[in-house]
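Reader: I would like a close look at a single part of this model, with the cut-offs behind each term stated as you go.

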Amino acid sequence: MMRVPSKYRHWPPRLGLLLLGLSVTAGTLQAAEHQDIAQLEALARSEATVQFPALTEKQRFLVGPIQPNLQLDRCSAPVQPIVGPGKHMRDRVLVELRCTGAPSWHIYVPVRIVGTSMVAIAARAIVVGSVLTDKDVRTEQHDLSELPPGYIDDPTVAVGLTASRPISSGAIITNQYLLGAKAVVRGQAVTLVADVGSMSVRMAGRAMSDGLMNQRVKVENLSSGKIVEGIARSEQVVEIISE
């Protein structure tokens with residue numbers, strides 16, 4: 001390693017080295033500047049807007065992704081977006097970003113149109129057995145490709161339903177998380193329906209427990225005073241189970 005004489009040590013580094021007869025490259029003194037990835041993505045998105053009709057409020061462009069560790073030397077000229085023949089489809093386009101300056105380079109960036117939907121999101125942690133209120137649910141816009149089966153797009157649908165399992169805060173609420181609204185509540189007057197041969201018999205009863213739609217529930221037959229088990233078929237109607 002060459003030692004710099006003391007009389008040059010306090011001089012500007014580049015000047016000192018030149019006086020010593022050493023060649024200096026830009027990379028020796030500072031790291032080469034790299035092209036900003038976010039700017040490249042914005043340029044590809046801008047070009048895509050020219051290629052497609054205006055998007056609806058339920059659509060957006062999904063760009064790339066361009067790898068964040070991709071290190072392209074900053075182009076000495078404006079980067080040119082190019083869409084060649086055969087690179088344009090109904091819902092996607094392949095944008096070439098080309099540097100014609102120094103140093104020259106080019107990359108291809110895919111841009112596609114994705115549909116979005118409002119979805120119901122848990123506004124806070126919800127414990128199993130809780131009946132959801134409007135304070136438990138909020139909405140967010142999500143790409144359709146990211147949504148699980150059975151997602152709920154209308155938060156009012158979830159309100160009044162019962163959590164069949166714990167729901168973490170921020171989770172997308174699906175049908176699998178919920179049970180139907182209560183059909184009967186404890187102490188409520190209900191109509192008992194029992195099939196006897198080809199006949200259907202109706203009796204007055206009282207629910208002994210809460211019951212969700214199509215869930216087993218214990219009821220009291222007010223005519224006989226017996227406690228029987230039935231299935232809540234609708235509001236105030238319980239079908240007696242034949243043993």
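Reader: Of the 20 residues in the largest nonpolar core, which touch the most other members?

Author: This is a predicted model, in which local features need pLDDT of at least 70 and side-chain atom pairs count only at pLDDT 80 or more, while totals for chains, interfaces and linings use all residues. Residues are numbered from 1 along each chain as its sequence is written, and side-chain values use heavy atoms, with hydrogens and water left out.

Among the 20 residues of the largest nonpolar core, those that touch the most other members are Leu40, Leu97, Trp105, Ile107, Val109 and Val111. A nonpolar core is here a set of buried Ala, Val, Leu, Ile, Met, Phe, Trp, Tyr and Cys residues joined through side-chain atoms within 4.5 Å, where buried means under 20% relative accessible area, exposed means over 50%, and partly exposed lies in between (1.4 Å probe, protein chains only). At least two residues of this core come from each of helix H3 (37-51), S1, S3 and strand S4 (105-122); these elements are DSSP runs numbered from the N terminus, with helices (H or I) of at least four residues and strands (E) of at least two. S4 gives the largest share of this core, 5 residues. In soluble globular proteins, nonpolar side chains tend to be buried together.

Isoleucine 107 shows the surroundings in detail: leaving aside residues up to four places away in sequence, isoleucine 107 touches Leu40, Ile66, Leu70, Leu72, Val95, Glu96 and Leu97, a contact being heavy atoms within 4.5 Å. Glutamate 96, one of these partners, counts as buried at 5% relative accessibility, and it forms a salt bridge with arginine 98, with the closest N and O atoms 3.0 Å apart. The term salt bridge requires a side-chain nitrogen of Lys or Arg within 4 Å of a carboxyl oxygen of Asp or Glu. Arginine 98, by contrast, is partly exposed, with a relative accessible area of 34%.

The structure also holds 1 disulfide, a term for a pair of cysteine sulfur atoms within 2.5 Å, and this disulfide joins cysteine 75 to cysteine 99 with an S to S distance of 2.0 Å. Cysteine 75 lies in the loop between strand S1 (59-63) and strand S2 (80-82), whereas cysteine 99 lies in strand S3 (residues 92-99), so the pair ties together parts that are 24 residues apart in sequence. The torsion about the S-S bond is about 85 degrees, so the disulfide is right-handed, and both cysteine 75 and cysteine 99 are buried.
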